[in-house]
Amino acid sequence: MKAFDYIRATSVAEAVAAAARPGAAYLAAGTNLVDLMKGGISRPDTLVDVTRLPGLDRIERGTDGSTRIGALVRNAALAHDPVIAKRYPALAEALLSGASGQLRNAATTAGNVLQRTRCPYFYDTASACNKRDPGAGCAALGGVTRSHAVLGWSEHCIATHPSDFCVPLAALDASVEIAGPGGPRSVPLEAFHRLPGDTPERETVLEPGDLVVAVTLPPEAEAFAGHSRYLKVRERTSYAFAVVSAAVGLRMDGDRIGQARIALGSVALKPWRARAAEDLLAGAAPTPETFAAAAEAALADARPSGDNAYKIELARRIVVRALTLAAAGTPDRVPALPASPFAPNPSAPNPSAPSPLAGAPVHA
Amino acid sequence: MSFPITLTVNGTRRSVVLEDARVTLLDLLRERLDLTGAKKGCDRGQCGACTILLDGVRVNACLALAVSHDGASITTIEGLAVGEALHPVQAAFLEHDGFQCGFCTPGQILSAVGLIQEGQTGGDPERVREGMSGNLCRCGAYAGITEAVLTAHAALTGPDVLPGRQLAEDAA
């Protein structure tokens, strides 16, 4: 690990001023950054420790029904907060499906949003990577690519964004509150992460010194609480990044879907909101045919970036499964295996009764 | 640049001066404070062998920079037993053969103590397995580890909250 200077900031203004200097990086829990520094992938000259900044570790309810999550709220505290679990159950399920108990106790809200890709070529400093070294090329192209992007990628970068948490945040129209040298501003989460284009080294809209201070859910986000799921296919049952994931929420209007929200994870360099699929579901009946059509629409623009065409069909099936589970109702409690397609659906009132999934493959 | 910090480690105040901000809590415990119970397995947050309780919650000591945790309270495996009396989680690991080579065991035990304190499993074996997934065991002692955590959970929280275990016993 390269040596660095350490500054413990005591105010947001002090932090922003220190981090605006070249070579500086913010440190919160360090669960991602320290790992990257040990591997020589991140080489900051100065760490600006923001863990002592006052007032950023709170979850606050606005009078308008919005919820503001402070940047330093730990992932575990957020997932187990009664308000979060009740009003935004897909958020809790996504958080609990990510990382391990130890990491969730440390990792922060802002750190999760800002975590870097797990592309193995990004992690391997002997490989060419346009994120690490702009213009160097992308060693992933033509390499081992089964986990790489199928949406929004470019010839310069085919990495994916690894966060589970960001997927329901995108579906629920969350926004990111930023303090920076130019003053405070708010950016929709959907616009916060950038697609690679020809500048994959620019991962977010943040400018030097910008500090994420909160993530806010708008008042309408809780309308989906009754029919909401996060579903995640992994290569092992727990403590693994998603191969493909989906967050869905349905606001039911009698027997029909009033409004739907769908976002996909690990398919692109940002959480991928599927608006065409949402539009198709609005006003429709929650049938397998409708869900299949929505899944087609969600992946209409997908194309493989290597040996990963399977992810496109997998993503379609995960969308259908997530919609089916959400239509059946949000479980009272996050399942023992959060977001697992192999977990029994605890909301099913009678396991022996025919379900909408009858005849569907068990292993989507 | 040097950084004086003070930690409370297993109930004892320890003051150290860090000459380098790169020191992790794991390296501080092992190399400066002679507490080698927390193990360095992967050193990258993937194996859980370095698990400690930091201000009461389980974390990976290998990913925590010591300089950032000035004033914190830490519990390691060396601080669990009271004299010769083992902590209930330690006793349960012995009772259920929750280890073979023992390298991952301090991390497993601290993780289990943290998991039980978090109060989310209700003694459900599936939730215990999920909750312990951040601790790898290359000897594959997982069956014994799960039994040990369930037994310790019962000892620490009372027998009336073990529906999963009760079902298993009924079936047997």
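The paragraphs below start with the strand and then turn to the domains.

This is a predicted model, where local features need pLDDT of at least 70, side-chain atom pairs count only at pLDDT 80 or more, and totals for chains, interfaces and linings use all residues. Residues are numbered from 1 along each chain as its sequence is written, chains are lettered from A and ligands numbered from 1 in written order, and side-chain values use heavy atoms, without hydrogens and water.

Start at strand S3 of chain B, residues 51-54. Strands here are DSSP runs of E with at least two residues, numbered from the N terminus. Thr51(B) and Leu53(B) point one way, Ile52(B) and Leu54(B) the other. All are buried, that is, under 20% relative accessible area with a 1.4 Å probe, protein chains only.

S3(B) runs antiparallel to S4(B), residues 57-60, and four bridges join them. Strands pair if DSSP finds at least two bridges between them. Ile52(B) has Val59(B) as its bridge partner in S4(B). The two strands form a hairpin with two residues between them. In that turn, Asp55(B) has a positive phi of about 50 degrees. S5(B), residues 73-75, is also antiparallel to S3(B), with two bridges. There, Leu54(B) partners Ile74(B).

Now step back. Chain B has domain 1 (3-79) and domain 2 (88-166), with bounds from an automatic or database domain assignment. Which side chains meet in a salt bridge? Those of Glu118(B) and Arg58(B) do, at 2.9 Å, N to O. The rule asks for a side-chain nitrogen of Lys or Arg within 4 Å of a carboxyl oxygen of Asp or Glu.

Methods:
Buried < 20%, exposed > 50% of the residue type's maximum accessible area, 1.4 Å probe, protein only.
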